Amino acid sequence: MIKAFRRISSVLSAHKVDPIQSLNLRKVSIMSQKKDKQKEGGNIEKMIKSQYPLEMNPPPSYLVERLAMFERLKKESDDKIASYQSQIVTVTLPDGKMMEAETWKTTPYDIAAQISKGLADNAVIAKVNGELWDLDRPLEEDAQLQILKFDDNEGKMVFWHSSAHILGEAMEKHYGGCLCYGPPIADGFFYDMFINDRQVSSNDFEHLNTLFKNVVKEKQPFERLEMSKEDLLEMFKYNEFKCRIIKERVKTPTTTVYRCGPLIDLCRGPHVRHTGKVKAHKVTKNSSTYWEGKAEAESLQRIYGISFPDTKQLKEWEHFQEEAAKRDHRKLGKEQELFFFHELSPGSCFFLPKGAFIYNRLVDLIKSEYRKRGFHEVVSPNIYNSKLWVTSGHWQHYAENMFTFEVEKEKFALKPMNCPGHCLMFDHRPRSWRELPLRMADFGVLHRNELSGALSGLTRVRRFQQDDAHIFCMFEQIADEMRGCLDFLKCIYGIFGFTFDLKLSTRPEKFMGDVAMWDKAEKQLEESLKEFGEKWELNPGDGAFYGPKIDIVIKDALRRPHQCATIQLDFQLPERFNLTYIQGTGEGQDERKRPVIIHRAILGSVERMIAILTENFGGKWPFWLSPRQVRVVPVVPKFDDYAVKVAKEIHAAGFEAEADTDPSTTMNKKIRNAQLDQWNYILVVGEKESQNNTVNVRTRDNEVHGEKTVEAVISHCKKLAESRSNEDQVDF
């Protein structure tokens with residue numbers, strides 16, 4: 001140990017690094033999102049070769065014990081299945097074609113192979129009677145069969161889930177710790193592990209990739225086994241985290257495990273046929289997390305990865321990541337002096353003048369539409385007594401995500417959302433049916449107590465504002481209001497050039513309210529979507545417990561998905577706050593009725609939308625949204641005064657304009673700097689221009705428009721600003 005430390009010390013000394021401080025570098029690497037200082041630590045760490053072997057020697061003792069138990073129980077299961085009497089059943093394919101199969105013998109892979117070798121080779125997973133099904137798992141009855149490939153979203157998730165198991169096998173061999181959760185995610189997969197005496201480092205990635213590659217070469221089959229809870233607790237007795245899952249999450253007498261090689265993991269599955277299907281992979285990053293996201297629980301090590309069926313896709317993904325890195329809003333925000341974060345207020349953004357310009361432009365855009373669409377802006381408090389949150393139900397389910405404090409022996413909290421406050425505003429006096437729909441809009445500041453490790457630039461913050469609105473309406477008005485919300489989001493997303501996908505999420509298993517009411521509401525949402533004319537999908541059972549919703553996912557210039565908008569029906573809050581309106585003529589026949597609330601946001605968090613737009617435009621802001629619209633450049637210092645005069649005229653007309661009168665920089669350098677700084681227009685002025693009250697116009701893309709009057713430039717800028725065009729190359 002001492003010799004190893006001396007070797008590391010000698011390497012660090014060459015780089016002028018204190019060897020004692022360097023011992024903390026492994027801890028630094030797992031919190032890579034926190035500080036630039038930590039990133040520097042990670043760079044130094046890469047210079048040091050890992051001091052750990054490829055695999056633990058001897059390997060963890062639980063591997064042998066676990067495998068022996070699996071093989072014994074698997075044999076019993078196989079013998080039991082072999083004793084079943086097979087029957088001839090019918091398999092129906094998506095095109096309506098029917099094929100015969102034998103129960104407990106014929107597998108989906110067998111059917112795929114009969115159709116074509118190519119289909120069987122490219123298959124990732126099967127779907128049997130609507131349920132995802134292992135390709136090598138025998139059919140048990142008549143079946144509607146689909147064969148899914150990697151291009152299918154469900155196929156991709158299964159592929160990445162299987163890849164997570166391969167990573168888990170590599171992690172057990174290298175670290176030996178206790179695996180926890182290992183799910184697929186939107187862009188790959190991760191696995192969490194509890195390691196008692198070691199921190200994961202990026203230096204370990206080479207070993208993990210090697211082990212992953214070895215597992216792929218072995219083409220280890222994924223084997224499914226159904227086990228009792230008692231056997232599961234015995235198998236995973238070495239891993240207290242798996243035991244917690246079994247005791248707390250498994251509600252049935254039995255559940256399944258999957259094996260690939262020496263790895264046996266608690267898992268519902270399904271999986272790819274064997275590990276050899278994962279032709280290309282990469283361990284991408286690591287971080288720390290808490291068990292089930294609870295800050296008071298154990299700290300875990302999380303390792304992320306990505307994988308594909310062929311190496312070409314991995315190369316394309318790597319190229320995409322390089323492009324995304326160039327557009328990273330945190331990088332561009334710093335370079336363009338838009339915003340910054342400070343450790344004295346973590347998760348709360350400081351918007352500098354040019355960032356605040358973009359922020360206010362987005363808010364103004366939404367406000368301009370509010371007047372056209374019948375929304376009324378309100379201003380509500382930031383701080384509420386906890387009694388409000390008890391009434392709304394947030395205190396029972398969301399209190400740990402709220403900033404709470406005591407005032408005069410009463411518990412208060414900063415608001416994390418506006419809806420309960422809007423309920424108080426609706427209820428502060430009797431309401432008539434004639435007032436409905438009542439559309440309240442609020443840009444109030446919200447605070448959510450996100451874990452420090454989850455904070456990430458503008459996409460995950462603690463302080464934010466959103467274009468929040470709540471529509472109080474009669475049940476019969478739902479369809480019209482939904483149409484209005486959909487038209488609103490189409491208008492805004494069209495301005496940004498976003499495409500979007502729509503899903504109607506319907507009643508979940510656990511829901512509040514009357515089934516008939518849900519059915520009628522879902523029917524109205526469905527009719528609204530049909531009239532809207534855009535493609536949409538049904539997402540059964542994924543609504544919130546308090547009402548059905550329309551999920552909207554936008555796609556940016558890199559085709560990355562983002563969920564920002566919300567259109568959500570709510571039957572619960574009107575009940576909890578006992579909201580009513582009076583239905584009747586006022587002649588003794590009045591009836592109190594319950595309104596429905598529609599939660600609606602288009603931008604969502606303004607902070608997050610700025611992150612998305614920064615990366616969507618790559619920092620090349622369209623004129624109407626740009627904090628750097630016009631830069632005036634004098635040919636020589638003699639014309640500085642005229643340059644300043646032109647800049648002031650354009651600024652007085654309502655645009656962001658500056659003159660570059662730096663005497664130490666040449667004209668060509670000033671033009672180049674303006675282009676690199678993404679000024680939309682560069683106006684060059686000299687003798688001729690000063691005499692004629694003109695400017696010579698060029699763009700940041702070096703397109704020259706020639707000599708124009710200052711009035712013509714201002715007129716052109718007004719047209720661009722009013723049109724909110726994303727293209728600056730509009731003819732003068």
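Predicted model: local features only at pLDDT ≥ 70, side-chain atom pairs only at ≥ 80, totals over all residues.
Two strands count as paired here if DSSP finds at least two bridges between them.

β20 covers residues 438-442, and five of its five residues are buried.

Which strands does β20 pair with? One partner is β16 (residues 376-377), joined to β20 by two bridges in a parallel arrangement. There, Glu-377 stands opposite Ala-441. Another is β23 (residues 468-473), which runs antiparallel to β20 and is linked to it by five bridges. On that side, Arg-439 faces Ile-471 of β23.

**Helix α14**

α14 runs over residues 353-373, 21 residues in total. From first C-alpha to last, the helix reaches 30 Å, close to the 30 Å expected at 1.5 Å a residue. Its buried residues include Phe-357, Ile-358, Leu-362, Val-363, Leu-365 and Ile-366. Just after the helix comes Gly-374, with a positive phi of about 75 degrees.

Most residues other than glycine have a negative phi, and most peptide bonds are trans. Here are a few spots to check if you're going through the torsions.

| Site | Backbone feature | Value |
|---|---|---|
| Asn-57 to Pro-58 | cis peptide bond | omega near 5 degrees |
| Gly-269 to Pro-270 | cis peptide bond | omega near -5 degrees |
| Glu-337 | positive phi, not a glycine | about 55 degrees |
| Asn-702 | positive phi, not a glycine | about 70 degrees |

Where do they sit? Pro-58 is in the loop between α4 (36-46) and α5 (61-82), and Pro-270 is in the loop between β11 (263-266) and β12 (280-290). Glu-337 belongs to the loop between α13 (329-335) and β14 (339-340), whereas Asn-702 is in the loop between β34 (694-699) and β35 (704-709).

Is Glu-337 buried or exposed? Its relative accessibility is 51%, so Glu-337 counts as exposed. Asn-702 comes in at 44%, which means it counts as partly exposed.

Note on methods:
Residues numbered from 1 in each chain as written. Heavy atoms only, no water. Buried < 20%, exposed > 50% of the residue type's maximum accessible area, 1.4 Å probe, protein only. Helix = DSSP H or I, 4+ residues; strand = E, 2+ residues; numbered from the N terminus. Expected span 1.5 Å × (residues − 1).
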